[in-house]
Amino acid sequence: MIVYNTTFHVAKGYDADFLRFARTVFIPQAIADGTLRNPRLSMVLARAEGDDGTSYSVQFDAQDVDSLQKWYSVVGRVIFENNSHILGKHTTGFSTLMQVLPIE
C-alpha cells in the first residue's frame, strides 16, 4: 500500500478558506473514482520560528504507485489546475509518496 501525502502551507488568515476547500472540493474530488481511499486531514503542529502560517497534511491510501500515477495523470492534475485560483498565492504545497511497511 502507498500513502499519498500532500502538505500544504497556508498563509495566516486563510485557514478557513483552505479547510473549506480541502473538505468540500479537494478530498471529495480526489476519492470520487475510488483509486484513493481513507482520506485524512491533519494540522502539522511543528512550526518554524517566525512562521505565521499553518501547515496541513492531506493523506490518502492507494493500492500501488502505478495506480496512483494513473490517478494523478487523469484526476489529480485536473483538480490542482482547476482549483489553483482557490489555492492561489496564499497556499503552497508538496507531495510525498510513502510505502507502508510491516512492523515485524
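Two strands are taken to pair if DSSP finds at least two bridges between them. On this criterion, the predicted model contains an open sheet of 4 strands in the order S2-S3-S1-S4, with antiparallel pairing. Neighbouring strands are turned against each other by 20° on average, direction ignored. Strand S2 is joined by 6 bridges to strand S3 (residues 54-62), to which it runs antiparallel, and Tyr56 in S3 is the bridge partner of Met43.

Two helices are placed against this sheet. Helix H1 (residues 15-31) lies across S1 (2-10), S2, S3 and S4, and runs at about 10° to S3, whereas helix H2 (residues 65-82) touches S1, S3 and S4, its direction making about 30° with that of S1.

The structure holds 11 aromatic pairs. In one of them, the ring centres of Phe8 and Phe18 are 5.0 Å apart and the planes stand at 50°, so the pair is classed as tilted; this pair links Phe8 in strand S1 with Phe18 in helix H1, 10 residues apart in the chain. Phe8 is buried, at a relative accessible area of 3%, and Phe18 likewise counts as buried at 3%. The rings of Phe18 and Phe21, with centres 6.4 Å apart and planes at 50°, also form a tilted pair; these residues lie 3 residues apart in helix H1, and are therefore separated by about one helical turn. Phe21 is buried as well, with a relative accessible area of 4%.

Key
Residues are numbered from 1 along each chain as its sequence is written. This is a predicted model: local features need pLDDT of at least 70, side-chain atom pairs count only at pLDDT 80 or more; totals for chains, interfaces and linings use all residues. Side-chain values use heavy atoms; hydrogens and water are left out. Axes are lines fitted to C-alpha atoms, for helices over the stretch in contact, and angles run from 0 to 180 degrees between N-to-C directions. Contact means heavy atoms within 4.5 Å. Rings of Phe, Tyr and Trp (its six-membered ring) pair if their centres lie within 6.5 Å; planes under 30 degrees apart count as stacked, over 60 as edge-to-face and the rest as tilted. Buried means under 20% relative accessible area, exposed over 50%, partly exposed in between (1.4 Å probe, protein chains only).
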